[in-house]
Amino acid sequence: AGKLTSRAHTAMVLVMGFEGSANKIGIGIVRDDGHILTNVRHTYITPPGTGFLPRETAHHHQEHILGLVKDALKEAGVKPSELSCLAFTKGPGMGAPLRSVAVVVRTLSQLWGVPMIGVNHCVGHIEMGRVVTGAKDPVVLYVSGGNTQVISYSMNRYRIFGETIDIAVGNCLDRFARILNLPNAPSPGYNIEQMAKKGKVFIDLPYVVKGMDVSFSGILSSIEVIAKEKLASGECTPEDLCFSLQETVFSMLVETTERAMAHCGQNEVLIVGGVGCNERLQEMMAQMVSQRPNGKLFATDDRYCIDNGAMIAWAGLLQFQNGQTTSLEDSTCTQRFRTDEVLVNWRT
């Protein structure tokens, strides 16, 4: 587990975090010295060729959340009376799953007499990446099924320097996996990554970078047409298409990340979010970073890249230590919650 430099505290702070913004329901408990005591999760897996819908995903979360709470407390060796705060994902994410989790957190908060704190999902990813890797002041590439952003910290905000103007890179990969009818276990993106390793022929696809922003919807439309035509004729293989798609979209992300590094004068890059697990993306980013003065790349594995409760717990702990809590009346969820809306008063 990650660990920050220890600080003097009057008492140990323990926070339980609840994440359920998409198809994963996760519960984590973290301590104020950065140790992760538990990080349990369950994933809603749908049949090949399909995605996950809000209503069914919410039902999945409702079915598993209480069992995960019990598992987390047992694994961490913590009693509810020892918890300082309950952190939950306020947004962004899918409405029904977010609400399902928030209802449980509100109930537990009142039963246990523990305050709540609403957390921005994106900030949770960033702070989890920082504590686990030890990155100090990185340019952050946040890539997942619902978000694609290039971020840098400035003046108590995580500023967005570039982002997708349509769909997220993870959504692009997931939807192409459906076209190929790939399994959703363990994840569509992982299965595309494994197939891409066997690809031998690079097929030209649209490369769409607009200043600091990127676009993936046209690439998806293009490769869908190419797949129908060239797979049937035997001109290419599914592996070739996976390889070509990855190389194209990851090159776009590396380009915009490097531009942010140059603009902000930073030498660190931190990749977070589910797509950040992809080893080819990490490899391409490492090549770019190695060519810059004192360049350093930070990334994590699937324990912390993929949505999890510990990341919400850690971000919530930072907010709680700096005087933030969420009242019952304000414990609503929102599908749209910009990264730069959050006051980051725990950083200078």
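Which residues in α5 meet which residues in α7? In this predicted model, Ile-192, Glu-193, Met-195 and Ala-196 in α5 meet Pro-238, Glu-239, Cys-242, Phe-243 and Gln-246 in α7. The average pLDDT of the protein is 95, and 97% of the residues score at least 70.

**Confidence**

- Residues 1–10 have a pLDDT below 50. Beyond near neighbours in sequence, this stretch makes 19 contacts in the model.

**Nonpolar cores**

- The largest nonpolar core comprises 44 residues. Val-143, Phe-176, Phe-216, Leu-241, Leu-245, Phe-250 and Met-285 have the most contacts inside this core.
- At least two residues of this core come from each of the strands β6 (139–143) and β11 (268–272) and from each of the helices α4 (169–179), α5 (188–196), α6 (217–233), α7 (238–264) and α8 (279–290).
- Helix α7 supplies the largest share of this core, with 10 residues.
- A second, separate core has 36 residues, among them Val-15, Cys-85, Ile-160 and Ile-312.
- In soluble globular proteins, nonpolar side chains tend to be buried together.
- Not counting residues up to four places away in sequence, Phe-176 touches Ile-192, Leu-220, Ile-223, Ala-227, Leu-241, Cys-242 and Leu-245.

- Two packed helices are described by the angle between their axes and the distance between the axes.
- For α5 and α7, the axes come within 7 Å and cross at roughly 110 degrees. An angle from 65 to 115 degrees counts as roughly perpendicular, and α5 and α7 are therefore roughly perpendicular to each other.
- The contact of α5 with α7 has six nonpolar, one polar and two charged residues by class.
- For α4 and α7, the axes come within 11 Å and cross at roughly 175 degrees. Angles over 145 degrees count as roughly antiparallel, so α4 is roughly antiparallel to α7.
- On the α4 side, this contact is made by Val-169, Cys-172, Leu-173 and Phe-176. On the α7 side, Leu-241, Cys-242, Leu-245, Val-249, Phe-250 and Leu-253 take part.
- By class, the contact of α4 with α7 has 10 nonpolar, no polar and no charged residues.

**His-60 and Asn-23**

- His-60 is in helix α1 (residues 54–76). With a relative accessible area of 7%, His-60 is buried.
- His-60 touches Asn-23, Ile-25, His-42, Thr-43 and Tyr-44, residues up to four places away in sequence not being counted.
- Asn-23 is placed in the loop between β1 (14–19) and β2 (24–31). Asn-23 counts as buried, at 12% relative accessibility.
- Apart from neighbours within four places in sequence, Asn-23 is in contact with His-42, Thr-43, Tyr-44, Phe-52, Thr-57, His-60 and His-61.
- Asn-23 and Thr-46 are 23 residues apart along the chain, and their C-alpha atoms are separated by 9.6 Å.

**Asn-345**

- Asn-345 belongs to the segment after α10 (309–321). This residue is partly exposed, with a relative accessible area of 28%.
- Leaving aside neighbours within four places in sequence, Asn-345 contacts Asn-156, Asn-322 and Gln-324.
- A distance of 22 Å separates the C-alpha atoms of Asn-345 and Gly-265, which are 80 residues apart along the chain.

**Cis peptide bonds**

- Gly-91 and Pro-92 are joined by a cis peptide bond, with omega about -5 degrees. Pro-92 is in the loop between β4 (85–91) and α2 (95–112).
- The peptide bond from Ala-185 to Pro-186 is cis, and omega is near -5 degrees. Pro-186 is in the loop between α4 and α5.

**Positive phi values**

- Met-155, a residue other than glycine, has a positive phi near 55 degrees. Met-155 is in the loop between β7 (148–154) and β8 (157–163) and counts as exposed at 67% relative accessibility.
- Asn-294, a residue other than glycine, has a positive phi near 55 degrees. Asn-294 is in the loop between α8 and β12 (296–299) and counts as exposed at 63% relative accessibility.

Note on methods: Residues numbered from 1 in each chain as written. Heavy atoms only, no water. Core = buried A, V, L, I, M, F, W, Y, C linked by side-chain atoms within 4.5 Å. Buried < 20%, exposed > 50% of the residue type's maximum accessible area, 1.4 Å probe, protein only. Helix = DSSP H or I, 4+ residues; strand = E, 2+ residues; numbered from the N terminus. Contact = heavy atoms within 4.5 Å. pLDDT = per-residue confidence, 0-100. Axes fitted to C-alpha atoms, helices over the stretch in contact; angles between N-to-C directions. Parallel < 35°, antiparallel > 145°, perpendicular 65-115°, else oblique. Nonpolar A, V, L, I, M, F, W, Y, C, P; charged D, E, K, R; others polar.
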